[in-house]
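Let us walk through this structure, one contact at a time. Have the sequence and the 3D view at hand.

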Amino acid sequence: MRAEAGNRRDRLREMLADLKMPGALEAVDGILAQADSGAATAAEAIEQLLDAQIGLRNNRRLQAAMRSSRLPAVKTLAQFDFAFQPSIKREQIESLHELGFVDRRENVILLGPPGVGKTHLAISLAITAAQAGRRVYYGTLAGLIGSLMEAKAAGELSRRLRVLTHPALLVVDEIGYLPGTQDGAVFFFQLINARHERASTVLTSNKGFEEWGSVLGDEVMAAALIDRLLHHCHIVNIRGNSYRMREHRDLMRSASDQRRQGESHDW
Ligand SMILES: Nc1ncnc2c1ncn2[C@@H]1O[C@H](COP(=O)(O)OP(=O)(O)OP(=O)(O)O)[C@@H](O)[C@H]1O
Ligand SMILES: [Mg+2]
């Protein structure tokens with residue numbers, strides 16, 4: 001009996017190696033031990049085995065996406081503290097992370113003052129999409145316009161626009177911080193026009209739509225752009241305090257606590 005069980009384990013390992021499932025292969029012994037001892041049911045054991053493989057695959061996809069997508073950091077939904085930002089509807093954010101909007105080629109616009117988590121949530125949407133095997137790309141508006149301008153100068157504008165239309169999810173971060181030029185507005189419009197109804201764009205801005213005209217340096221272009229963006233769009237309006245300020249406050253507090261402790265020692 002024991003020899004048979006041992007053979008079966010070897011066979012299982014061979015099969016997992018043959019199927020190129022290194023995550024499952026690494027976890028299989030521990031999972032079988034749990035199942036044998038009665039700590040896991042058969043269904044739980046299979047679930048754990050597949051989970052181990054999916055976890056490894058998603059991690060690899062994320063590593064690859066971090067290299068190619070220019071995402072500036074890893075920010076996840078699990079790291080987001082909803083209690084700190086009560087104006088955000090948790091269900092809306094969780095449901096966006098199910099990625100139906102990517103399949104439907106809809107847009108997401110995150111609006112709000114500095115430090116409220118716009119970039120964090122835009123990145124966590126992109127990371128979730130990358131883990132699900134979708135192609136993603138990140139840029140600030142200034143960075144994307146700069147790259148389109150360079151492409152135009154090199155006579156490669158339409159090629160660059162095609163490349164930027166390719167990702168299933170493009171993040172356009174920081175609309176509103178750098179003053180735009182009329183040329184920039186035209187490039188931004190061309191980008192959004194190229195992606196409209198073809199692929200999803202997630203945008204962040206510290207300015208309301210009524211200010212986009214002056215931000216982009218062209219009222220007419222801004223109106224046409226907003227019209228396309230809002231056509232199929234989820235808007236996340238964040239009103240609240242900056243998380244950065246909270247981190248500063250926490251640091252200040254722990255520094256002053258330490259100082260006080262130091263003082264009491266001296267005493
Ligand atoms: N609710 C939150 N829970 C956990 N971390 C948060 C939360 N909100 C923001 N942060 C963190 O605070 C920092 C600032 O957030 P983020 O960069 O997303 O702000 P932002 O809205 O994009 O600001 P800005 O308009 O200045 O670009 C980041 O490190 C982010 O991960
Ligand atoms: Mg930001």
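Start with R134, which is partly exposed at a relative accessible area of 30%. Partly exposed lies between buried, under 20% relative accessible area, and exposed, over 50% (1.4 Å probe, protein chains only). R134 forms a salt bridge with D103, their closest N and O atoms being 2.8 Å apart. This pair links distant parts of the chain: D103 sits in helix α5 (residues 100-103), R134 in the loop between α6 (118-131) and β2, 31 residues apart. A salt bridge here is a side-chain nitrogen of Lys or Arg within 4 Å of a carboxyl oxygen of Asp or Glu. Helices (H or I, at least four residues) and strands (E, at least two) are DSSP runs, numbered from the N terminus.

The model is predicted: local features need pLDDT of at least 70, side-chain atom pairs count only at pLDDT 80 or more, and totals for chains, interfaces and linings use all residues. Residues are numbered from 1 along each chain as its sequence is written, chains are lettered from A and ligands numbered from 1 in the order in which they are written, and side-chain values use heavy atoms, leaving out hydrogens and water.

The whole structure holds nine salt bridges. D10 pairs with R13 at 2.9 Å between the closest N and O atoms. These two are three residues apart in helix α1 (residues 2-18), so about one helical turn separates them. D10, R13 and D29 are linked in a network of salt bridges.

Now turn to helix α8 (residues 157-165). Its buried residues are L157, L161, L164 and T165. On the other side of α8, R159 and R162 are exposed.
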